[in-house]
Amino acid sequence: MGITDTAVEVLASGWRTLAALHGHIETCLEKELVAGHGLTVVEYTVLDALSRQDGTFHLRMAQVARAAALSPSATTRLVNRLEDRGYLTRIICADDRRGIYTELTPEGRAAYEKARPTHDRVLAASLESAREKPELADLVAFVEKH
């Protein structure tokens, strides 16, 4: 017994709506973060993920990849760029020399803190503008509730 054509269309429609909302928000964020802070959305996402670590401010590279939704090679390139800018540093795991952690530097923390109000303002504004589009209104309500 498979999924009916109607069920597949409902899933596909939901996915298209989600992708449209994501694209709308990401476009708005990218424009403002790059213009105001020289950070892409994915760079900000990594700084945000690292800033949320309890007292340690570091993640394994695989965790950074998951947070940024990137492949391992793309994550390495991203971490290299942020490291070159002084925002991140890499630390070899004392327990497993194969493990590499990525840690936020004071400069990275400062860049994140400076960009965060822009991110939060643009996120709220982009959700507000998306709410005005009938095809996105229900999804925006769901996102804001959760």
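A salt bridge here is a side-chain nitrogen of Lys or Arg within 4 Å of a carboxyl oxygen of Asp or Glu. This is a predicted model, so local features need pLDDT of at least 70 and side-chain atom pairs count only at pLDDT 80 or more, while totals for chains, interfaces and linings use all residues. Residues are numbered from 1 along each chain as its sequence is written, and side-chain values use heavy atoms, with hydrogens and water left out.

Select Arg-81 and Glu-43 to begin: they form a salt bridge, with the closest N and O atoms 3.5 Å apart. Arg-81 sits in helix H4 (residues 72-84) and Glu-43 in helix H2, so the pair ties together parts that are 38 residues apart in sequence. Helices are DSSP runs of H or I, at least four residues, and strands are runs of E, at least two, numbered from the N terminus. Glu-43 is buried at 4% relative accessibility, whereas Arg-81 is partly exposed at 39% (buried means under 20% relative accessible area, exposed over 50%, partly exposed in between, with a 1.4 Å probe and protein chains only).

Next, pick Asp-48, also in H2 (residues 41-51). What meets the side chain of Asp-48 in a salt bridge? Arg-52 does, at 2.9 Å, N to O. Arg-52 counts as exposed at 53%, while Asp-48 is buried at 16%.

Now jump to Arg-121 and Glu-32, whose side chains meet in a salt bridge at 3.9 Å, N to O. Arg-121 belongs to helix H5 (residues 106-131) and Glu-32 to helix H1 (residues 5-37), 89 residues apart.
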